[in-house]
Amino acid sequence: MKIKTFKIGGIYPNDNKITSEVPIVRLPDPKQAEVMLLQHIGSPSQCIVKVGEHVEFEQLLAEDSSFVSACVHAPISGVIKSIERKRNSQGYYVESITIVSESEDDAINYSNVNPRTRTQAEVDSLTAKEII
């Protein structure tokens, strides 16, 4: 029996699941990504990139536009193919950025991604801009 780590609830799958013995593997980087500029409640983000521009992984694509809004960053490196209104999962038309990875140079360099976890004191000391 596993030790329960949640105070209430939580999911504790059995060890006999069909993937319990399957190793975790890194999937290949996607060749294209659709990034919706309304992924949250509130106002849509304001796009700050242009079609044809090359963007890097985690580069800012859209800035928050009001008090209740959020910044949006690039999930992959590549070239902006289009910026147009597309249907989101709720059926609404929202502005969307299409990024296409065109070469091996656009592959995500995971060595630059900092997986370091922070202590609660470190998180509490961050400013709003540092968090964003």
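A salt bridge is a side-chain nitrogen of Lys or Arg within 4 Å of a carboxyl oxygen of Asp or Glu. The exercises below apply this definition to a predicted model.

**Exercise 1.** Find how many salt bridges the structure holds, and state which residues form them.

*Solution.* Begin with the total, which is two salt bridges. One of them is formed by the side chains of Glu34 and Lys86, with a distance of 2.9 Å from N to O. Next, turn to Glu84, which forms a salt bridge with Lys86, and here the closest N and O atoms are 3.6 Å apart. Finally, look for shared partners: the salt bridges join Glu34, Glu84 and Lys86 into one network.

**Exercise 2.** Explain which parts of the chain the pair Glu34 and Lys86 ties together.

*Solution.* First place each residue: Glu34 belongs to strand S1, which covers residues 32–36, while Lys86 belongs to strand S6.

**Exercise 3.** Decide whether Ser82 is buried or exposed, and list what Ser82 touches.

*Solution.* Start by locating Ser82 in strand S6, which spans residues 78–87. Then compare its relative accessible area of 15% with the cut-off, since buried means under 20%; Ser82 is therefore buried. Lastly, leaving out residues up to four places away in sequence, Ser82 touches Val51, Ser96, Ile97 and Thr98.

Terms used. Residues numbered from 1 in each chain as written. Predicted model: local features only at pLDDT ≥ 70, side-chain atom pairs only at ≥ 80, totals over all residues. Heavy atoms only, no water. Helix = DSSP H or I, 4+ residues; strand = E, 2+ residues; numbered from the N terminus. Buried < 20%, exposed > 50% of the residue type's maximum accessible area, 1.4 Å probe, protein only. Contact = heavy atoms within 4.5 Å.
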